Amino acid sequence: MTTADITLVRRWRAADERQRLLQVVQPALIGLIDGTISTLAPIFASAYIAGSKAALLVGLAAALGAAISMGMSEALSDDGEITGRGAAVQRGALTGGATVTGGTAHALPFLISDIHTALTVAYVVVSIELVAIAWVRKRFLNVALRTSLLQVTLGGVIVATVGVLVGHA
């Protein structure tokens with residue numbers, strides 16, 4: 001464990017529930033939602049157009065690009081002083097890290113060269129990601145699990161459908 005990790009754990013333990021929500025959970029949740037949902041269309045479109053290798057590379061590029069964009073957006077949109085949302089760089093890093101995690105997770109199944117197997121595994125991974133997002137929203141934002149599942153799944157289905165339609169165009 002690095003010094004930065006230890007410092008982060010100490011801050012988490014010392015913070016009250018509102019600080020944790022504003023400074024850690026919310027930026028990470030934004031990133032996870034964005035990374036998971038925004039990368040679905042390019043990954044699935046490229047899978048249907050060009051196969052597993054293309055989906056993997058497009059997925060990794062989309063995840064990294066989204067992570068940089070989301071990290072910068074979070075860090076540059078609020079210095080944390082007025083809102084109490086904490087240090088901009090910390091929030092940006094959390095958002096960017098969660099974005100790349102969400103986007104990369106369902107790109108990795110495309111390491112499997114058989115496109116049908118890769119797509120099946122990717123759909124399962126996306127389902128797990130959406131359930132995880134719904135659980136975090138239930139746990140920290142008090143959103144009913146059923147409502148949260150409906151909301152995040154609807155968003156995921158819409159974006160994935162765009163990717164499938166473009167991939168079959």
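## Ground rules

Since the model is predicted, local features need pLDDT of at least 70 and side-chain atom pairs count only at pLDDT 80 or more, while totals for chains, interfaces and linings use all residues. Numbering starts from 1 along each chain as its sequence is written, and side-chain values use heavy atoms, with hydrogens and water left out.

## Overall shape

Helices here are DSSP runs of H or I with at least four residues, strands are E runs of at least two, and numbering goes from the N terminus.

The C-alpha atoms fill a box of roughly 50 × 35 × 30 Å along the principal axes. For 169 residues, a compact globule would come out near 15 Å in radius of gyration, and the 17 Å of this protein agrees with that. That radius is taken over C-alpha atoms, and the globule rule is 2.2 Å times the number of residues to the power 0.38.

Buried residues make up 40% of the 169, where buried means under 20% relative accessible area with a 1.4 Å probe, protein chains only. Of the contacts (heavy atoms within 4.5 Å) between residues at least 6 apart in sequence, 68% join residues at least 24 apart.

## H2 against H3

Helix H2 (residues 17-38) and helix H3 (residues 40-50) pack at about 25°, axes 5 Å apart. Axes are lines fitted to C-alpha atoms over the stretch in contact, and angles run from 0 to 180 degrees between N-to-C directions. H2 and H3 are therefore roughly parallel, a label for angles under 35 degrees.

On the H2 side, Thr-36, Ile-37 and Ser-38 meet Leu-40, Ala-41 and Pro-42 of H3.

## The nonpolar core

The largest nonpolar core has 21 residues, and Phe-44, Phe-110 and Leu-130 touch the most other members. Such a core is a set of buried Ala, Val, Leu, Ile, Met, Phe, Trp, Tyr and Cys residues joined through side-chain atoms within 4.5 Å. H2, H3, helix H4 (52-77), H6 and helix H7 (145-167) each give two or more residues, with H6 giving the most, 8.

Beyond its neighbours within four places in sequence, Leu-130 contacts Thr-36, Ile-37, Leu-149, Val-152 and Thr-153.

## Val-125

Val-125 sits in helix H6 (residues 115-141). Not counting residues up to four places away, Val-125 touches Ala-105, His-106 and Pro-109.

Methods. Angles under 35 degrees count as roughly parallel, over 145 as roughly antiparallel, 65 to 115 as roughly perpendicular and the rest as oblique. Buried means under 20% relative accessible area, exposed over 50%, partly exposed in between (1.4 Å probe, protein chains only).
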